[in-house]
Amino acid sequence: MLPTTSADLIPGDLIQLDHQATTPCHPLVVKAMEPWWEQDWGNASSRQHRLGLTAAAAVASARSRLASHLGVEANDLIFTSGATEANNLALLGHARARAQAEGRCGHVVTLATEHHAVLDPMHQLQREGFALTVLHPKDTGLIDANALKGVLRDDTQLVSVMVANNEIGVVQPMRELAELCQSRGITLHTDAAQAFGHLRLNRDELGCDLISLSAHKLNGPKGIGALVKRRNVSIQPLFWGGGQEQELRPGTLPVPLIVGFAAAADLAHADLETRQDQLATLRDQLWQGLKSRHPQLRMNGAPEPRLAHNLNITVPDVSGVRLHRCLKRSLACSSGSACSRGQPSHALQAIGLSRREAEASLRLSLGRTTTVADIHRAVDAISACITQLQDD
């Protein structure tokens, strides 16, 4: 159940609607991690004594629990520092391994609306000699198999498409894309950081070969994520120095964070459908409240299929800089990805918005701690700023 108040988790009067940037670590997750910082502080790779064996057992349990939520085997999951590293390991690691095996740098494909953690590695592959196609989706943010089929080539080796977009929240038809890629022998990667814990994901139903995950998007700790890979998919490591994680990601495992990741995933999946229904209701109340006061507002991205906790809107004919400055003291939200480097959203511009429109857009993302009172306050705060800017 969603709480009736957020005071126990979020201090102060700031309305928190930036949960797609990150989420507060749940108290039960913090509690689950506590013993592993000081009491059970062993290195999971130290198998000669009880401390190390205890830590290794905790990692094994967490790995199995996380794997169960995706319908995969425990050994299919490789821990990383987050989805950014998982994306880099998947894209750079697999493309390089495949190029070495096939004796050529082939063709790779992604969407213009992807996170920079996908776009930047893809551009790095381009610098290394791979041919790159960055496909623009429809103005809804969605892509279909026919659009992808139109850019595939005989030498296409890798496609990367995000399950759920981190800015406009639209959910892609991954199964259709996967069937197309499978029929052509193309590896399919997805960044599922925004989807895991918010949608029911099964690796085989998705049809993806590589899946990137992050804990801090589902009320887990920052600094831990994972890459899920099929066993027949080859990957070259990005760095070396140890035998951990099947020699694909060396380094001492952060046991407390891994334990926290699994605890957060368990919590997220325990009430997933109920929470999503409640968040969708709150999200719709937020949109209807704003739209009733300001009919000129536009929603970005397809209304459905969409993450229940995402609303992305544009306020026409106002200064984006002034809009966000006005909201800064009362509302935590964003104009796009937290990794956008201060630039207007590339994802919004990729679906047809102008730079000015992208600047005057709000990504409003709800979370486990969002209340009805938060929604009413957010409608009032946003509406007051829009009215003020229109009157100036």
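A crossing of two helices is called left-handed if the near helix is turned anticlockwise from the far one by less than a right angle, and right-handed if clockwise. Helices themselves are DSSP runs of H or I with at least four residues, strands are runs of E with at least two, and both are numbered from the N terminus.

This is a predicted model, in which local features need pLDDT of at least 70 and side-chain atom pairs count only at pLDDT 80 or more, while totals for chains, interfaces and linings use all residues. Residues are numbered from 1 along each chain as its sequence is written, and side-chain values use heavy atoms, with hydrogens and water left out.

## Helix packing

Two packed helices are described by the angle between their axes and the distance between the axes. The axes are lines fitted to C-alpha atoms, for helices over the stretch in contact, and angles run from 0 to 180 degrees between N-to-C directions.

| Helix pair | Axis angle | Axis distance |
|---|---|---|
| Helix 10 (residues 272-293) and helix 14 (residues 372-391) | about 25° | 10 Å |
| Helix 3 and helix 9 (residues 255-270) | roughly 30° | within 9 Å |
| Helix 11 (residues 320-327) and helix 14 | roughly 135° | within 10 Å |

Angles under 35 degrees count as roughly parallel, over 145 as roughly antiparallel, 65 to 115 as roughly perpendicular and the rest as oblique. Helix 10 and helix 14 are therefore roughly parallel, and helix 10 passes helix 14 in a right-handed crossing. On the helix 10 side, the contact (heavy atoms within 4.5 Å) is made by Leu282, Gln285, Leu286, Gly289, Leu290 and Arg293, which meet Val372, Ile375, Ala378, Val379, Asp380, Ile382 and Ser383 of helix 14. Sorted by class, this contact of helix 10 with helix 14 holds eight nonpolar, three polar and two charged residues. For these classes, Ala, Val, Leu, Ile, Met, Phe, Trp, Tyr, Cys and Pro count as nonpolar, Asp, Glu, Lys and Arg as charged, and the others, Gly among them, as polar.

Helix 14 also meets helix 11. Given their angle, helix 11 and helix 14 are oblique to each other, and their crossing is right-handed. Arg322, Leu323, Cys326 and Leu327 from helix 11 touch Ala381, Ile382, Cys385, Ile386, Gln388 and Leu389 from helix 14. This contact of helix 11 with helix 14 comprises eight nonpolar residues, one polar and one charged.

Helix 3 and helix 9 are roughly parallel to each other, with a left-handed crossing. Helix 3 contributes Ala55, Ala58, Val59, Ala62, Arg65 and Leu66, and helix 9 contributes Val255, Ile258, Val259, Phe261, Ala262, Ala263, Ala265 and Asp266. The class count for helix 3 with helix 9 is twelve nonpolar, no polar and two charged.

## Cavities

On a 1 Å grid over the protein atoms alone, a cavity is a set of points where a 1.4 Å probe fits but cannot get out, and lining residues have an atom within 4 Å of a point. Grid points are joined across faces, edges and corners, and a volume is the space filled by probe spheres set on the points. The structure holds two cavities of 30 Å³ or more.

Around the second largest cavity sit Leu111, Thr113, Glu114, Gly141, Met162, Asn165, Val170 and Gln172, which divide into three nonpolar, four polar and one charged.

## Loop details

Three loop residues are also worth a visit. Ser46 lies in the loop between helix 2 (35-38) and helix 3 (50-68). Leaving aside residues up to four places away in sequence, Ser46 touches Gly52 and Leu53.

Pro305 belongs to the loop between strand 9 (298-299) and strand 10 (310-314), and the peptide bond from Glu304 to Pro305 is cis, with omega near -10°. Gln246, in the loop between strand 8 (225-229) and helix 9, has a positive phi of about 60° although it is not a glycine.

Notes
On a 1 Å grid over the protein atoms alone, a cavity is a set of points where a 1.4 Å probe fits but cannot get out, and a pocket is an open set with protein on both sides within 12 Å along at least five of seven lines; lining residues have an atom within 4 Å of a point.
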